[in-house]
Amino acid sequence: MFDLDGKPAYAGQTSNLRNRLRQHFIRQDSSVVSYGRLDIWDIAYVDWWETTDTDRAERKVLSTHTPYLNFDAEIAAPQGSVALDLDRPDGTLELVSDEERVFRADPYNRSKQKLEHLLRMVDTIKLAGHSEATKKTLYVHQRIFHENVSEFLEVDPEESSSTLSDWTE
């Protein structure tokens, strides 16, 4: 899955792509959505590859693309070669129109949506607890929020760490 900027966000394997995408994007009851790892508003398109060597192919996709929502423990290069051309997916599903993608990519809209996602994650953590992966996920989304707000405010992300008085002087 690729975000609005075309960056690899999340990867996984499934034996039934249609059902898995429904679980993520329509029912929103997959574990990666319900615990907040995947912010479906950020996902623009999905590439997929068909293979019988699913475990090794998944490791190749993860180790090559290094999606930011798959953590280091999940990413390990496969042993030996895998017949999978990552430059040529078997299919691509565009999840949003070009017009919607422009709307979602606007720094104001992105910042607002990411803040709402962070608030939902905090509520989930308070009510259901958290794991190490959930903590990492919260920090990843906080970093993305920081980048979005910096772009909205038209400041360098490094500058946005300064105090407010630095901005008003």
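Phe152 is partly exposed, with a relative accessible area of 42%; buried means under 20%, exposed over 50% and partly exposed in between, using a 1.4 Å probe and protein chains only. This is a predicted model, where local features need pLDDT of at least 70, side-chain atom pairs count only at pLDDT 80 or more, and totals for chains, interfaces and linings use all residues. Residues are numbered from 1 along each chain as its sequence is written, and side-chain values use heavy atoms, leaving out hydrogens and water.

The structure holds two aromatic pairs. Rings of Phe, Tyr and Trp (its six-membered ring) pair if their centres lie within 6.5 Å; planes under 30 degrees apart count as stacked, over 60 as edge-to-face and the rest as tilted.

| Pair | Centre to centre | Angle of planes | Kind |
|---|---|---|---|
| Phe2 and Tyr45 | 4.8 Å | 10 degrees | stacked |
| Tyr108 and Phe152 | 5.7 Å | 50 degrees | tilted |

Tyr108 lies in helix H5 and Phe152 in helix H6 (residues 132-153), so their pair ties together parts 44 residues apart in sequence. Tyr108 is partly exposed at 41% relative accessibility. In the other pair, Phe2 is buried at 8%, and Tyr45 is buried at 16%.

Helix H5 (residues 107-128) also holds Arg110; helices are DSSP runs of H or I with at least four residues, numbered from the N terminus. Is Arg110 buried or exposed? Arg110 is buried, with a relative accessible area of 6%. Its side chain makes a polar contact with the side chain of Asp5 at 3.1 Å (a pair of N or O atoms within 3.5 Å, where within protein one must be able to donate a hydrogen and the other to accept it, and residues adjacent in sequence count only if both atoms are side-chain atoms).

Notes:
Helix = DSSP H or I, 4+ residues; strand = E, 2+ residues; numbered from the N terminus.
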